[in-house]
Amino acid sequence: MPPMKRRRFLTAVAAAGVAAAQHSAIGRAQGQTKVARKGRIKQALFRNVFGNTNMPFEEQCRIAAELGCSGFDLIPPQDWPTLKKYGLVPTMAPAGGVTIPDGLIRRELHDSLEKSMRAAIDQCTAAGCPNIITVGGQRRGLSYAEGADICVDFLNRIKAYAEDKAVTVCIENMNSKFQDNALGRPDQICDHVAWGFDVCRRVNSPRVKLLFDIYHAQIMDGNLCDNIRENFRWIAHFHTAGVPGRHELDEAQEINYRFVAKTIADLGFTGYVAHEYRPAPGREPIETLRRTLDILDV
């Protein structure tokens, strides 16, 4: 074979091999038999666990269903029918009116925010979505105490509606250590779980709770399992990612996620644990996802 044709042939063979490997990985995830999970931890996903890919959302749903997942977090309502098609649920709805900079502690936004959150709660009720995310927002010099007062005032306005509609409003804790938005949320008021738990206790509603982000909590507070045990009644949902780097939940990060999962399961948690990690460069996303789901399948 002439050298040029030989090079083209070898290139084509190599490309075919890569495609076959990818197809094989997807095929394993989409096997004829759905993975049977123990069910003590109901696991959900973010789309970013599939890496930087153009994989259609429907394909992601098919893989998630075959791997024994329950649903996806923060999927826009227009895509909820696709979740339903594969027996999945929207486990956490996108924020109703708040942004990461402008959250519940902006008193001047409360009137408009109440309208948008009521509408979002209605949407959740109609589609069977149990939770809606919200955030405190950036402090911009506001004290923690004053911010908590403002946050409680707003949540007291909305809690009865959320109770009537059976949708839980979930305040997420974040870390303010890292200025890079891929790793942290600068200036966020709910940067310690104690602040979030205090707000929830003061509102005192079964439909206002904390979205306990394990990654952020490890960075800011540590003592994960004691914090979970001591404040369990105020936790509605969990997020995961590895520390450091916000990558997968493997041996290259510091959290013993299997122990954390067992702690959550032993407490009788009935909500969802959603994986928000981003696969590290060079990691095969579907096999990484399979291993992650196995770790939490206690």
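Predicted model: local features only at pLDDT ≥ 70, side-chain atom pairs only at ≥ 80, totals over all residues.
Where is Pro244 found? Pro244 is in the loop between β7 (235-240) and α9 (257-266).

1. Overall make-up. The protein has 10 helices and 8 strands. Of its 298 residues, 51% are buried. Among contacts with a separation of 6 or more, 77% are between residues 24 or more positions apart. The accessible surface is about 13,500 Å², and carbon and sulfur atoms hold 52% of that.

2. The loop between β7 and α9. Val243 and Pro244 are joined by a cis peptide bond, with omega at about 0°. Arg246 lies in the loop between β7 and α9 as well. Arg246 is not a glycine, yet its phi is positive, near 65°. Most peptide bonds are trans, and most residues other than glycine have a negative phi. Is Arg246 buried or exposed? With a cut-off of under 20% for buried, Arg246 counts as buried because its relative accessibility is 2%.

3. The end of α6. Asn204 follows α6 and sits in the loop that runs between α6 (193-203) and β6 (208-213).

4. The buried side of α6. Which residues of α6 are buried? They are Val193, Trp195, Gly196, Phe197, Val199, Cys200 and Val203. An α-helix has 3.6 residues a turn, so residues three or four places apart point the same way. The cover over the buried residues of α6 includes the helices α5, α7 (214-220) and α8 (224-230), together with the strands β5 (168-172), β6 and β7.

5. α5 against α6. These two helices pack at an angle of about 40°, and their axes are 9 Å apart. α5 and α6 are therefore oblique to each other. Their crossing is right-handed. On the α5 side the contact is made by Tyr144, Gly147, Ala148, Asp149, Cys151, Val152, Leu155, Asn156 and Lys159, and on the α6 side by Trp195, Asp198, Val199, Arg202 and Val203. Sorted by class, the contact of α5 with α6 has 8 nonpolar, 2 polar and 4 charged residues. Trp195, Val199 and Val203 of α6 are among the residues of this contact and are also buried.

6. α5 against α4. Helix α4 (residues 110-127) and helix α5 (residues 144-165) pack with their axes 10 Å apart, at an angle of about 25°. How do α4 and α5 lie to each other, roughly parallel or oblique? They are roughly parallel, because the angle falls under 35 degrees. The crossing of α4 and α5 is right-handed. From α4, the residues in contact are His110, Asp111, Leu113, Glu114, Met117, Arg118, Ile121, Asp122 and Thr125; from α5 they are Ile150, Phe154, Arg157, Ile158, Tyr161, Ala162 and Lys165. By class, the contact of α4 with α5 has 8 nonpolar, 2 polar and 6 charged residues.

7. Val167. This residue is in the loop between α5 and β5. Val167 is buried, at a relative accessible area of 0%. Leaving aside residues up to four places away in sequence, Val167 touches Ile121, Cys124, Thr125, Cys129, Pro130, Asn131, Ile132, Ala162 and Arg207. Among these, Ile121, Thr125 and Ala162 also belong to the contact of α4 with α5. Ile132 is 35 residues from Val167 along the chain, and their C-alpha atoms are 7.2 Å apart.

Definitions and conventions:
Residues numbered from 1 in each chain as written. Heavy atoms only, no water. Axes fitted to C-alpha atoms, helices over the stretch in contact; angles between N-to-C directions. Helix = DSSP H or I, 4+ residues; strand = E, 2+ residues; numbered from the N terminus. Parallel < 35°, antiparallel > 145°, perpendicular 65-115°, else oblique. Left-handed = near helix turned anticlockwise from the far one by under 90°. Contact = heavy atoms within 4.5 Å. Nonpolar A, V, L, I, M, F, W, Y, C, P; charged D, E, K, R; others polar. Buried < 20%, exposed > 50% of the residue type's maximum accessible area, 1.4 Å probe, protein only. Areas by Shrake-Rupley, 256 points an atom, 1.4 Å probe, with all protein chains shown as cover.
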